[in-house]
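Hi there,

I'm passing a structure over to you, as promised. Have a look at it below, and then read on for what turned up.

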Amino acid sequence: MPRGTLEVVLISAKGLEDNDFLSSIDPYVILTYRAQEHKSSVQEGAGSTPQWNETFLFTVSDSASELNLKIMEKDNFTNDDNIGEVV
């Protein structure tokens, strides 16, 4: 089974719903490929237009699979909120 490396460059997001009551949202992204998971840094106070400019590496095989990205909003006193997902 051939294997390789998938390099994902997470640049930015646009148009996120900034619905925090007292401040701007603090978004981060969870990237998942099969059982492999990476988490971006939290962009504190970035609001609806965060910029990460981070690179993540995944080991891939020839069988097709999906890369999932889940945008989350970091909360200090409650569970983090799911802002959106893409496959």
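Glu 54 is a buried residue without a salt bridge. The nearest side chain of opposite charge belongs to Lys 39, and that is 10 Å away, whereas a salt bridge calls for a side-chain nitrogen within 4 Å of a carboxyl oxygen. Please keep in mind here that this is a predicted model.

What does the side chain of Glu 54 join up with in a polar contact? The partner is the side chain of Ser 41, at 2.4 Å. Glu 54 sits in strand 4. Leaving aside residues up to four places away in sequence, Glu 54 touches Val 8, Val 9 and Leu 10, and also Ser 40, Ser 41 and Gln 43.

Strand 4, which covers residues 51-61, also holds Asn 53. Asn 53 has a positive phi of about 55 degrees, although Asn 53 is not a glycine. Most residues other than glycine have a negative phi. Is Asn 53 buried or exposed? Asn 53 counts as exposed because its relative accessible area is 52%, and the cut-off for exposed is over 50%.

Arg 34 is another non-glycine residue with a positive phi, again of about 55 degrees. Where is Arg 34 found? Arg 34 is in the loop between strand 2 (27-33) and strand 3 (36-39). Those two strands form a hairpin with two residues between them, and Arg 34 is in the turn. With a relative accessibility of 45%, Arg 34 is classed as partly exposed. Strand 2 and strand 3 run antiparallel and are joined by four bridges.

Now for the chain as a whole. The protein chain contains six strands and zero helices, so its pattern along the sequence reads β-β-β-β-β-β. Its C-alpha trace spans about 50 × 25 × 20 Å along the principal axes. Of its 87 residues, 31% count as buried. Among contacts between residues at least 6 apart in sequence, 57% join residues at least 24 apart.

On confidence, the mean pLDDT of the protein chain is 90, and 94% of the residues reach 70 or more. Which strand has the lowest confidence, and which the highest? Strand 6 (residues 81-86) is lowest with a mean of 93, and strand 3 is highest at 97.

Best wishes

Conventions: Residues are numbered from 1 along each chain as its sequence is written. This is a predicted model: local features need pLDDT of at least 70, side-chain atom pairs count only at pLDDT 80 or more; totals for chains, interfaces and linings use all residues. Side-chain values use heavy atoms; hydrogens and water are left out. Buried means under 20% relative accessible area, exposed over 50%, partly exposed in between (1.4 Å probe, protein chains only). pLDDT is the predictor's confidence in each residue, from 0 to 100. Two strands pair if DSSP finds at least two bridges between them. Lys and Arg count as positive and Asp and Glu as negative; His and the chain ends are not counted. A polar contact is a pair of N or O atoms within 3.5 Å; within protein, one must be able to donate a hydrogen and the other to accept it, and residues adjacent in sequence count only if both atoms are side-chain atoms. Contact means heavy atoms within 4.5 Å.
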